[in-house]
Amino acid sequence: MADQPRTNDAEIKILVNREPRSARVDDDTLTAEVLREQLGLTGTKVVCAAGVCGACTVLLDGEPVVSCLLPARALADRAVTTVEGTAEHPVARAFAAHNALQCGFCTPGFVVEATALHDRWRAEHPGEVPDRATVEAALAGHLCRCGAYLEIVEAVQAACAGRFDDPGPPTGPRREAGAKVTGAAAYTVDTRYSGQLTGLILRSPHPHAELSGLDLAPALAIDGVRAAVSLAPEDGVLRYVGQPVAAVAAVDEPTARRALAAIAPRYVSRPAVVGLDAARAPGAAEVYATGRRRPPNAGEGAGATPAPWRGNVHGPAAALSVGRRKARQRLDAARAAGDPRLVEAVFTTAAQSHTTLEPHATVAWFRPDGTLEVQVSTQAVAHVAADLARFTGLPKDKVRVRAEHVGGGFGAKGTMGTETRAAVLLARAAKAPVGVAYDRMEELTDGGYRPPGRIELALLAGDGDTLSALRVAAYADSGIATGTLVAGLARLMYPADAKELLDYDVVTNTAPGKPFRAPGGPLLSFALEQGIDEVAGRLGRDPIVLRRTWDPHPPRQRLYDWAATLPAWRDRGELPRTGRFRRGVGVAAANWLYLWEHGTSVELAVERGRLVVASATQDMGTGSRSVLAGTVATAFGLDPAEVEVRLGDSRLPVGPLSGGSRTTASIGPAALAAVARLQQRLAQRDQRARDLVDGRAGDWRAVLAGVDGLRVTATRPPDDRRRARSVASPFAGTGLIGLAVGTMMRYTSKLHAGRGSTGAVHVAEVEVDTRFGHVRVLRYHAGTAAGRLIEPRLAEAQVRGAVIQGIGWALYEERALDPTTGRVLTAGLEDYRIPGIADTPEIDLHFDTDGFDHVPGGGVGLGEVATIPVAAAVANAVRDATGVRPYDLPIRPDRVLAGLSGAVTA
């Protein structure tokens, strides 16, 4: 029974952060549970629940331990220090100052472990600074999905050098850094209302089955269970292992788990298909065998482009092709003639799990006044609020969505998810607040992934310095979903009058894929950029020179010039390419759309002499707070700390979704418009403000000091068309960008594609161990063209994090499935490998800041374009080092060894 005492229940005394505390524990109670649930110290985060990620690290009598595995009984009469207890430590100040964090969910564990290292190091090595290897060894048990590793190393070294010994609150370029490094930042999983219930989801054990019966009564009969609801699809067909079937809400997690076990759904099994080959095989069982096909969407659009269905294959979608017949004719002729300028190859890529450290989580509560209040870990505060209004039938003003801090997204949290739907249904049924949060197995099973793909490439160089013809046929396995775009993105690179670009969705009995940072872009780049390198080799051309010749994009032209002067590129001929350890250098280029969201609004107010800027957007570590504060502060000649920022609340003026690199390009110009409007209002009432607006000397602080209650709201203005017309673009006048956006992002009419596109040119230096097949990235050079950097330190962190995620996809990350059932085998962080601190190379950054003068503020987003070319650059470097081209991702040791031996491996 839920209210029965636990086995061997006892009270223990603990010294927590130098204060005496007590807790009730039994044999099964874990330290993290005591700290978070009984003592309210939510700075300690639980991510993996397996001692792998380090996020829950605390100090026990001064020594680091993982609290997710430590029995709480071990705390009796001992001293525990959590991140809250290190708030005044030099390490906390160093982390904030060095921007050694992004989403911040992993930060408490890093800070606690680094605190122990700092104290030990300074006691044993006074006056010395630990080298990078020492810091990496100490922090090896910690993971940061955002990739803040290099900044973390710098912060720890600076703290150990004594540069942050002076007391004071932690501050830095990231507006919310102080809250994140001290554990004060509250995430959705930290939300706890009075009387809040725990919600859990029952998931299908079958890859394909009809749900013939679902009796929730046995669950509801258990004492402590307050609600049970069905989550089954409308047609009653379950199409993957882990698909939600039902959900329960109970007074605690053990009771909820008993309730799930009491439900006995009746299933009628159906044949299933897992993987591209199985789904396309003759006579394959059909995922959507009966009824109307209504697959969920795997891309940043409203669904798949209209195309025929043939069994499990939807496609081809070919709207972005140009000169299809001409392309086929040229390629056929070159093939028949054995033209060496023709490159043909097949590339495959693995699924990459988003692996956000804060899981998908929602807390829903129908307040007594009829308002639905929802805390949710989301990339789309305003959008989810609108979706919830439709889902519940409530008026929009009766739905409030909040996301004060978000522990990572990368595309996985861009829509209203199952966890939100379940929490709302349960809260309505239970008439109480309900929290639903995925555990790590659920997150890696149904939390989202970049769809794997098969890319068939045919590329023909022309007689002159041109690309003559290109054919890309991309087959994406997005599970039960459709809507991927891979081949079509090739329209945006290397102009030619003959391109056949075919996108196919292949549905399988696995969980639906979701957009992942530049959806489709990295897959295309992995194939296309290797094809470009192969052509360069056959023509005896420098790969950078060939790209510069074929690619007229002005910003990338400048990046090619920069890359060609790098010592790593210039001196690559001197590298060792024989013996056990071989080194190589590779290059790859990329572009991405410049997007912004119509209707984005920013409110700017003066409250008791202080500027307050607000918008219903969110900050998942990308720096939205800092962009808003910095934009407003610069315009008024203030320090960003003098500007208060409010976001993460759907009741604020409508803000953009964080995805597609649109956020900065949307909120920055809107904030500038609000600044202009507020300054004009101030000028109407104060001569000092008129002088400042007219360019004369003055101090806005003096003007603002006597003002209270003045507020304005402005929407994102259009770009300057006069300047836009002067922007050189290989796509000018073709309507290409609009066509691509229409294909990719049909889910909102508010999304706008601006003139021009961002660009990247990357150079990777690698070492290949030919005995064990291990590939190590030694150094990485990332050139990015995205206009003026609104917040330079945060832009640098975004690019480094994007590179690290790209390296993970290139070398380690692979969502493995049981080939028969589709069950996810990499269902924990001990199995699903993401880059750690010691996997991170030195990353040199170069920014080209020209080209976007037509955009208010002069800068656009860069989070997507910075990750697209990474895997291709690494693969080209491996080819340069070994002479063997990697056709499959990840570039695993077994594949490297097989390539070196001339064998083939899956």
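Which residues does Phe 95 touch, not counting residues up to four places away in sequence? The first legend below takes this up. The model is predicted: local features need pLDDT of at least 70, side-chain atom pairs count only at pLDDT 80 or more, and totals for chains, interfaces and linings use all residues. Residues are numbered from 1 along each chain as its sequence is written, and side-chain values use heavy atoms, with hydrogens and water left out.

**View 1. Phe 95 and the nonpolar cores.** Leaving aside residues up to four places away in sequence, Phe 95 touches Ala 100, Leu 101, Thr 107, Phe 110, Val 111, Ala 114, Ile 152, Ala 155, Val 156 and Val 181; contact means heavy atoms within 4.5 Å. Phe 95 is joined by Tyr 780 and Val 874 as the residues with the most contacts inside the largest nonpolar core, which has 148 residues. Strand β24 (residues 581-597) gives the most to this core, with 10 residues. Another core lies apart from it and has 34 residues, among them Val 229, Ala 385, Ala 422 and Ala 427. A nonpolar core here is a set of buried Ala, Val, Leu, Ile, Met, Phe, Trp, Tyr and Cys residues joined through side-chain atoms within 4.5 Å. Buried means under 20% relative accessible area, exposed over 50%, and partly exposed in between (1.4 Å probe, protein chains only). Helices (H or I, at least four residues) and strands (E, at least two) are DSSP runs, numbered from the N terminus.

**View 2. Aromatic pairs.** A search of the whole structure finds 9 aromatic pairs. One of them is the edge-to-face pair of Phe 347 and Phe 526, with 5.7 Å centre to centre and 80° between the planes. This pair links distant parts of the chain, since Phe 347 sits in strand β14 (residues 342-349) and Phe 526 in helix α14 (residues 521-539), 179 residues apart. Both Phe 347 and Phe 526 are buried. The rings of Tyr 475 and Tyr 504 have planes at 5° and centres 4.4 Å apart, so this pair is stacked. Tyr 475 belongs to strand β22 (residues 467-477) and Tyr 504 to strand β23 (residues 499-506), so the pair ties together parts that are 29 residues apart in sequence. Tyr 475 counts as buried at 14% relative accessibility, and Tyr 504 is buried with a relative accessible area of 13%. Phe 347 and Phe 526 also form one aromatic cluster with Tyr 887. Rings of Phe, Tyr and Trp (its six-membered ring) pair if their centres lie within 6.5 Å; planes under 30 degrees apart count as stacked, over 60 as edge-to-face and the rest as tilted.

**View 3. Arginines over tyrosine rings.** Arg 280 lies over the face of Tyr 475, at 4.6 Å from the ring centre. The charged end of Arg 203 sits over the ring of Tyr 438, 4.9 Å from its centre. The test asks for NZ of Lys or CZ of Arg within 6 Å of the ring centre and within 35 degrees of the ring normal.

**View 4. Salt bridges.** The structure holds 68 salt bridges, each a side-chain nitrogen of Lys or Arg within 4 Å of a carboxyl oxygen of Asp or Glu. In the one between Glu 642 and Arg 701, the closest N and O atoms are 2.7 Å apart. Glu 642 is in the loop between α18 (624-636) and β27 (643-646) and Arg 701 in helix α21 (residues 700-705), 59 residues apart. Glu 642 counts as partly exposed at 26% relative accessibility, and so does Arg 701 at 38%. The side chains of Asp 894 and Arg 892 meet in a salt bridge at 2.8 Å, N to O. Salt bridges that share partners join Arg 324, Arg 328, Arg 454, Glu 456, Arg 471 and Glu 500 into one network.

**View 5. Backbone details around α14 and beyond.** In α14, 16 of its 19 residues are buried. Just after α14, Gly 540 takes a positive phi of about 70°. Ala 518, in the loop between β23 and α14, has a positive phi of about 65° although it is not a glycine. The peptide bond from Gly 315 to Pro 316 is cis, with omega near 10°.
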